[in-house]
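Subject: Structure handover

Hi,

Here is the structure for you to look over. My notes on it follow below.

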Amino acid sequence: MRGLLARRMKFHLLGALLVSLGCATLYKFGVAEPRKRAYADFYKNYDIMKDFEAMKEAGVLESVCAC
């Protein structure tokens, strides 16, 4: 029984480190990178004036005259 805590602690510390690195890697490639690509694709063809005109016509921008 002598040294049991230290031996188990090394095992659990290594396991926790591997699990945390795995989760971080999965999040990066499963969530963050696809999100960056989606934003890049959206803004690649984004026309701010077309969006502004659509919001103006819909009445979203009350301070802009819809003349």
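Lysine 56 counts as buried, because its relative accessibility is 16% and the cut-off for buried is under 20%. Bear in mind that this is a predicted model. Lysine 56 belongs to helix α2, which covers residues 48-58. I also checked its separation from alanine 16. In sequence, lysine 56 and alanine 16 are 40 residues apart. In space, their C-alpha atoms are 53 Å apart.

Next, the aromatics. How many aromatic pairs does a search of the whole structure find? The count is three. One of them joins phenylalanine 42 and tyrosine 43. Their ring centres are 4.9 Å apart, and their planes meet at 85°. Planes over 60 degrees apart count as edge-to-face, so this pair is edge-to-face. Tyrosine 43 also pairs with tyrosine 46, again edge-to-face. Here the centre-to-centre distance is 5.4 Å, with 80° between the planes.

Last, a charge and a ring. The charged end of lysine 28 sits over the ring of phenylalanine 29. Its distance from the ring centre is 5.6 Å.

Best regards

How values were computed
Residues are numbered from 1 along each chain as its sequence is written. This is a predicted model: local features need pLDDT of at least 70, side-chain atom pairs count only at pLDDT 80 or more; totals for chains, interfaces and linings use all residues. Side-chain values use heavy atoms; hydrogens and water are left out. Helices (H or I, at least four residues) and strands (E, at least two) are DSSP runs, numbered from the N terminus. Buried means under 20% relative accessible area, exposed over 50%, partly exposed in between (1.4 Å probe, protein chains only). Rings of Phe, Tyr and Trp (its six-membered ring) pair if their centres lie within 6.5 Å; planes under 30 degrees apart count as stacked, over 60 as edge-to-face and the rest as tilted. A charge sits over a ring if NZ of Lys or CZ of Arg is within 6 Å of the ring centre and within 35 degrees of the ring normal.
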